[in-house]
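Please read the following report with the structure open beside you.

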Amino acid sequence: MSSFLHGGGISFLSLEHGFGFDNVVAYEVVLADGTIVVATTHSHPDLYWAIKYGSTNFGIVTRFDMTTFPLAEF
């Protein structure tokens, strides 16, 4: 998992949209037995919440999907 998300994901958008990890909607995880799963709130929800708010000791995260937000022009 990227250092940004592992550290909480604090950015200049945090006040408006929450921390970076708050905007992750799915994790692709390689489990200890080599199985690849996509954890979301609907598919493997226990793993999703464990990775999101727990620890990274549940598997190797190879991809994460996030909500994005448009930025205004400065």
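## An aromatic cluster and its surroundings

Tyr 27, Tyr 48 and Trp 49 together form one aromatic cluster. Rings of Phe, Tyr and Trp (for Trp, its six-membered ring) are taken as a pair if their centres lie within 6.5 Å, and planes under 30 degrees apart count as stacked, over 60 as edge-to-face and the rest as tilted. This is a predicted model, in which local features need pLDDT of at least 70 and side-chain atom pairs count only at pLDDT 80 or more, while totals for chains, interfaces and linings use all residues. Residues are numbered from 1 along each chain as its sequence is written, and side-chain values use heavy atoms, with hydrogens and water left out.

A search of the whole structure finds two aromatic pairs, which are set out here.

| Pair | Centre to centre | Angle between planes | Kind |
|---|---|---|---|
| Tyr 27 and Tyr 48 | 5.8 Å | 50° | tilted |
| Tyr 48 and Trp 49 | 4.8 Å | 80° | edge-to-face |

Because Tyr 27 lies in strand E1 and Tyr 48 in helix H3, their pair ties together parts that are 21 residues apart in sequence. Helices (H or I, at least four residues) and strands (E, at least two) are DSSP runs, numbered from the N terminus.

Strand E1 (residues 24-30) is joined to E2 by four bridges, and the two run antiparallel; strands are said to pair if DSSP finds at least two bridges between them. E1 also pairs with E3 in the antiparallel sense, over six bridges. Val 30 has Ile 36 as its bridge partner in E2, while the partner of Val 29 in E3 is Val 61. In the hairpin of E1 and E2, five residues lie between the strands, and Gly 34 takes a positive phi near 90°.

In a regular strand, side chains alternate between the two faces of the sheet. Strand E2 (residues 36-39) has a covered face with Val 37 and Ala 39, and an uncovered one with Ile 36 and Val 38.

The largest nonpolar core has nine residues, among them Tyr 27, Val 29, Val 37 and Tyr 48; such a core is a set of buried Ala, Val, Leu, Ile, Met, Phe, Trp, Tyr and Cys residues joined through side-chain atoms within 4.5 Å. E1, E2 and helix H3 (45-53) are the elements that give two or more residues to this core. In H3, the buried residues are Leu 47, Tyr 48, Ala 50, Ile 51 and Lys 52, and what covers them includes E1, E2 and strand E3 (60-66).

Definitions and conventions
Buried means under 20% relative accessible area, exposed over 50%, partly exposed in between (1.4 Å probe, protein chains only). Contact means heavy atoms within 4.5 Å.
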